[in-house]
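Here's a quick briefing for anyone meeting this structure for the first time. Have a look at the sequence and the model, then read on.

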Amino acid sequence: MFIEPSLGNHDQAARKGQVEVICGSMFSGKTEELIRRLNRALIARQKVEIFKPALDQRYHEENVVSHNESIIRSTPVQFANDILLLAGNCDVVGIDEVQFFDNQIISVAEQLAHAGVRVILAGLDMDFEGKPFEPMPQLMAIAEYVTKVHAICMKCGDLAAFSYRLSGEKSKVMLGEKESYEARCRRCFYQGKES
Ligand SMILES: [Zn+2]
């Protein structure tokens, strides 16, 4: 589990911001981990805002809903820059499904962190072909802390880092219905692609 080393002074003027990335495949618990960190900040009465790309409307428009039904309210935004306008004087900004934002999100995360905000970004680090899913690689590079969470391979039960797409659909942004994907380990992922 990720244990925050230090969150600095609570006085925002004195506090240093930071960038945290939570990455992994589908079914790896990224959103649950984001919600865990945000809930603890909320309990401490920190000002928390949560954003996600407007295109991700899999479940409910207003909430970040994780696969195990933990719910936290969020604001869908069309563009990464909208987050700067809406974040106000937040202590903590959470952003889910980060892989669906364009590269603008990198400078948005940096600007928030420079202003003293704790920025926590969760997203898929690889697409269904096993390729890095931009802008996640850039965010992982500029982050102070990167946590990679793993699913369990649905073929062999080993740890899984890959999202295997069961349908023949080729578009990169195919919003994930659970039944369209399997979490797979490296071997089962590439064996599946050959057949
Ligand atoms: Zn496997």
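A quick term before we start: a residue counts as buried if 20 or more other C-beta atoms lie within 10 Å of its own, and as exposed if 12 or fewer do. Keep in mind that this is a predicted model. The chain has 195 residues, and buried ones make up 39% of them.

**The overall picture**

- The chain is built with 5 helices and 12 strands.
- Take the contacts between residues at least 6 apart in sequence: 72% of them join residues at least 24 apart.

**The annotated binding site**

- An unreviewed UniProt entry places a "binding site" feature at a set of residues that includes Ser28, Lys30, Thr31 and Glu97.
- Thr31 sits in helix H1. Threonine 31 is buried because 23 other C-beta atoms lie within 10 Å, and the cut-off for buried is 20 or more.
- Ser28 is found in the loop that runs between strand E1 (18-24) and helix H1 (30-43). Serine 28 has 24 other C-beta atoms within 10 Å, so it's buried.
- What does serine 28 touch, if you don't count residues up to four places away in sequence? Its partners are Val149, His150, Ala151 and Ala183.

**The annotated active site**

- The "active site" annotation, again from an unreviewed UniProt entry, covers Glu97.
- Look for Glu97 in the loop between strand E6 (92-95) and helix H3 (104-114).
- Is glutamate 97 buried or exposed? Glutamate 97 is buried, since 23 other C-beta atoms lie within 10 Å.

**Around cysteine 156**

- Cys156 is in the loop between strand E9 (151-152) and strand E10 (159-160).
- Why does cysteine 156 count as exposed? Cysteine 156 has 12 C-beta neighbours inside 10 Å, and exposed means 12 or fewer.
- Leaving aside neighbours within four places in sequence, cysteine 156 is in contact with Cys185 and Cys188.
- Cysteine 156 and arginine 184 are 28 residues apart along the chain, and their C-alpha atoms are separated by 8.1 Å.

Definitions and conventions: Residues numbered from 1 in each chain as written. Predicted model: local features only at pLDDT ≥ 70, side-chain atom pairs only at ≥ 80, totals over all residues. UniProt positions renumbered as here; feature names shortened; annotations may be inferred. Helix = DSSP H or I, 4+ residues; strand = E, 2+ residues; numbered from the N terminus. Contact = placed C-beta atoms within 7 Å.
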